[in-house]
Amino acid sequence: YDSVSAYLSEHIHNPLVFAAAGALVLGYMFLFAAAPLHYWLTETAGKVSLPVFTYFLTVPVGAYLVSFIRLGIKVLQPVNERFQLFYVAVALMSMFVGAIGACSGQNIRKILCYTNVYCIGIIFLVLQHFTPWAAQTAIIYWFVCMLSLYGICLAMFCIKVKGEYLFMLNEFSGAAYKLPFLTIMIIFFLFSLLGMPPFIGALGIFSVLSNLALQNHFYYLLYVLFTLIIMAYAFLNIIRT
């Protein structure tokens, strides 16, 4: 890492070296399924079996995040400032696409995929400054999101019709009467994803809002709250069903 960082510092004005760093960042954007590179997740993971879906939604993203943060702090530090505007653009686009996509879908797994895209957007909004505190905030936020997503998937594991896991939202209609405990569990984790206190998700969203406020990014803070309202509409549609 030190050798690559030193080489990057020495050749920072070399267009090919900067393009190589940009290609590395784009590769991570694809792995994270950040907008506009999100289709492989939303269009594919929403159709696979529930165990595979749960794995791809929770486990790899955490590994990618830790790897990307180490790369940003130890290797890409000389060019992070030049990538800052790009990170912000990806973050705002991912949050918007994730919130709107979650509202427009009827496949509950697809809704959760768009929720994942939204969470990635918030993470990149925090990581526009690759400081240790920003990295810690991003990890805390993703950890609570992962717990919430995993909790919803765990509840979905227990809901079957004729031995098959459910895909479409209307197939869950009436679950509150037949499976009240599982329904309460799903609602609990949906509220947690929104960051509503006293649920665990409040810890993650509070960390993000505090980070943005201390960086004087009040417009971004308002944007986060605005998109959270859109996400709330999508989740309320699930609860209503």
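Thr-42 counts as buried, at 1% relative accessibility. Keep in mind that this is a predicted model. Thr-42 has its place in helix H3, residues 39-45. Setting aside neighbours within four places in sequence, Thr-42 is in contact with Lys-110, Cys-113, Tyr-114 and Val-117.

Ser-5 is another buried residue, with a relative accessible area of 15%. Ser-5 sits in helix H1, which covers residues 2-10. Not counting residues up to four places away in sequence, Ser-5 touches Lys-74, Val-75 and Pro-78. Why do both residues get the label "buried"? Buried means under 20% relative accessible area, and Ser-5 comes in at 15%, while Thr-42 comes in at 1%.

Now for helix H6 itself, which spans residues 108-126.

| Helix pair | Axis distance | Angle | Crossing |
|---|---|---|---|
| H6 and H10 (residues 201-214) | 10 Å apart | about 35° | left-handed |
| H6 and H11 (residues 218-240) | within 12 Å | roughly 170° | left-handed |

Let's take H11 to begin with. The axes of H6 and H11 cross at roughly 170°, so H6 is roughly antiparallel to H11. On the H6 side, the contact is made by Ile-108, Ile-111, Thr-115, Tyr-118, Ile-122 and Leu-125. H11 brings Tyr-220, Val-224, Thr-227, Leu-228, Met-231, Phe-235 and Ile-238. Sorted by class, that gives 11 nonpolar residues, 2 polar ones and no charged ones.

On to H10, whose axis lies 10 Å from that of H6. Which residues make the contact between H6 and H10? From H6 come Ile-122, Leu-125 and Val-126, and from H10 come Ile-205, Val-208, Asn-211 and Leu-212. By class, this contact has 6 nonpolar residues, 1 polar residue and no charged residues.

There's also a core to look at. The largest nonpolar core has 80 residues, and Tyr-118, Tyr-141 and Val-224 touch the most other members. Which helix gives the most to this core? That's H6, with 13 residues.

Val-224 is worth a look of its own. Leaving out residues up to four places away in sequence, Val-224 touches Met-95, Tyr-118, Ile-122, Leu-125, Ile-205, Leu-209 and Leu-212. Among these, Tyr-118, Ile-122 and Leu-125 belong to the H6 side of the contact with H11, and Ile-205 and Leu-212 belong to the H10 side of the contact with H6.

Key: Residues numbered from 1 in each chain as written. Predicted model: local features only at pLDDT ≥ 70, side-chain atom pairs only at ≥ 80, totals over all residues. Heavy atoms only, no water. Axes fitted to C-alpha atoms, helices over the stretch in contact; angles between N-to-C directions. Helix = DSSP H or I, 4+ residues; strand = E, 2+ residues; numbered from the N terminus. Left-handed = near helix turned anticlockwise from the far one by under 90°. Contact = heavy atoms within 4.5 Å. Nonpolar A, V, L, I, M, F, W, Y, C, P; charged D, E, K, R; others polar. Core = buried A, V, L, I, M, F, W, Y, C linked by side-chain atoms within 4.5 Å. Buried < 20%, exposed > 50% of the residue type's maximum accessible area, 1.4 Å probe, protein only. Parallel < 35°, antiparallel > 145°, perpendicular 65-115°, else oblique.
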